[in-house]
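Here are my notes for you, point by point. Please keep the viewer open as you read.

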Amino acid sequence: MKNILLVDDSALMRRVLCDIIESDKRFRVQDRAVNGLDALSLLSRKTYDAVVLDVNMPQMNGLELLKELQKRKISARIIMASTDTADGAKITLDALELGALDFIHKPTSALDCRNGTFSQGLLRILAAVTDLEPQAPVQTQMPAPAPTAPVTPLTSPRTAPVRNIAGRAGAFTVPEKTERKAPAPPSGKAVYNSGTQIVALASSTGGPKALQAVIPKLPANLKVPVVVVQHMPPGFTASLSERLNSLSEVTVKEAAEGDVLMPGYVYVAMGGKHLNILNVAGKYTIHYSDEPAREGVKPCANYMYESLMDSKFDRVVCVVMTGMGADGTEGIQHLKEKKKIHVIVQDAGTCAVYGMPKSAVNAGLADQIVPLEQIAQEIITNVGVK
C-alpha cells in the first residue's frame, strides 16, 4: 500500500480527497497537512510515496513549499491538485518547473470532486507517480533498468486500421521573438520532398520540465521541423509553448490549424485535440481532428505518428520521453511498416515516469536509449543543421 501526504487548507476538501484516494485499496492517506509549513515539517521527518498538494494556502502556499523543498534538497513526488491549475497555467508550469511531477484541476466545489472524471484522473496520476502497475485502461508500467544497447526492432508489429483524414491549408503565424532569436524563416515556400526528415516527439508526465532540457538546446538553424505531443489539457499548451519559445533559439509555438511546417520551428500540439501532419497542396501542414481520447489522452501521439505514414519524408526521427502509459508505441509500430524511422528513447534513470519509454523499449522499437541531457544532441546528430 502506498502512503500519501495530503496538503490542503480546507477541512472539507481534505475529507473529500481522502475519501477518493482511499477508495482505491492501493493507497492510504498517511498524513494530512493544512498548509505548506505543516507539510514541510512532515516532509522533513517522513518519506511518502506521493504528495497531493494544493496551491493557495495560508502561511506557506504550494509554490513556496516546492521552493523550500528544493532549497533543502528534500525529495518528494508531488501532484498539484488546485483550482489554480486550470485558471493559472503559469502557476501550474511554475510548479512543474519547481519539481511537481503532474497536476490535476480540482473543482472549486468539494462535492464536484466526487465526479468520475476528477476522481479517476487523480487515482490514475497517483498510480503513475508511485510506480504502481496500472489498472485498465491505464497502461503505465513500473520502472526497470533500461538496456544499454539498441534493441532489435519488432519483425511483425501489431497492426490496426489507420484513419484517412483530410486537412486544409491555412495561414502560418508565429509568436513574436525576443531580440536574440533567429530571423524569421522564409515564406511558405518550404516544401519537404523525398530526402528530408522530421522530428516527432512524445512526452507526458514530467514532460514540461524535460522539454526544457531538450528544446532550448536545439539550434536556430536546425535542418528540420519538430512536432511535439505533450499530454496537457486545453489552455496549457499555449503557455508551455510561450515559455519554451522564450528559452530557445528555435521558434516554438502552439501549432495552429493549417500551419505550414518550417525547418527550425517546433510545433506543440494543442491540448484537447489530436494533431496530424498532412500533405496539402505540396506543403506539410498541421491538421487537428476531434476523435475521442486514445490511450486515455488527447492529444495522442499515436495519431501524430500514424499521420506520417503516407508522407514523403525520407525518414522520421521519433523521440519518446518521460510519461505514464504507452502512448507512441502503437503509432511508431504502424509508422515503421511504411517509413524509415529512427527512434530515440529517454532512459529509465532520467524519467519522472518510465511508462511511455519502457513501452517503446519493450516493443523493440528503440534504436537509441539515452539520458535526458543527451537527447537534443542526438536529434541534432540525426537531422543536421542548415
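1. What is the volume of the second largest pocket? The answer is about 420 Å³. A pocket here is an open set of points on a 1 Å grid over the protein atoms alone, where a 1.4 Å probe fits, with protein on both sides within 12 Å along at least five of seven lines. Grid points are joined across faces, edges and corners, and the volume is the space filled by probe spheres set on the points.

2. Before going on, a word on conventions. This is a predicted model, in which local features need pLDDT of at least 70 and side-chain atom pairs count only at pLDDT 80 or more, while totals for chains, interfaces and linings use all residues. Residues are numbered from 1 along each chain as its sequence is written, and side-chain values use heavy atoms, with hydrogens and water left out.

3. Helices (H or I, at least four residues) and strands (E, at least two) are DSSP runs, numbered from the N terminus. By class, the lining has 13 nonpolar, seven polar and three charged residues. In this scheme Ala, Val, Leu, Ile, Met, Phe, Trp, Tyr, Cys and Pro are nonpolar, Asp, Glu, Lys and Arg are charged, and the others, Gly among them, are polar.

4. Now the overall picture. The chain has 12 helices and 14 strands, and 58% of its 386 residues count as buried (under 20% relative accessible area; exposed is over 50%, partly exposed in between, with a 1.4 Å probe and protein chains only). Among contacts (heavy atoms within 4.5 Å) with a separation of 6 or more, 75% join residues 24 or more positions apart.

5. Strand β6 (residues 197-203) deserves a look, with seven of its seven residues buried. In a regular strand the side chains alternate between the two faces of the sheet. Here Gln-197, Val-199, Leu-201 and Ser-203 are buried on one side, and Ile-198, Ala-200 and Ala-202 on the other. β6 pairs in the parallel sense with β12 (residues 315-320) over six bridges, where Ala-202 has Val-320 as its bridge partner. Five bridges also join β6 to the parallel strand β7 (residues 226-230), with Leu-201 partnered by Val-228. Pairing requires at least two DSSP bridges between the strands.

6. Please check some backbone details too. Most residues other than glycine have a negative phi, and most peptide bonds are trans. Lys-73, in the loop between α3 and β4 (78-82), has a positive phi of about 55° and counts as exposed because its relative accessibility is 75%. Ala-281, in the loop between β10 (274-280) and β11, also has a positive phi of about 55°. The Lys-298 to Pro-299 peptide bond is cis, with omega near 20°; Pro-299 is in the loop between β11 (283-289) and α9 (301-307).

7. Finally, Pro-233 sits in the loop between β7 and α8 (237-247). Pro-233 counts as partly exposed because its relative accessibility is 32%. Leaving aside residues up to four places away in sequence, Pro-233 touches Phe-103 and Gly-271.

Technical notes:
On a 1 Å grid over the protein atoms alone, a cavity is a set of points where a 1.4 Å probe fits but cannot get out, and a pocket is an open set with protein on both sides within 12 Å along at least five of seven lines; lining residues have an atom within 4 Å of a point.
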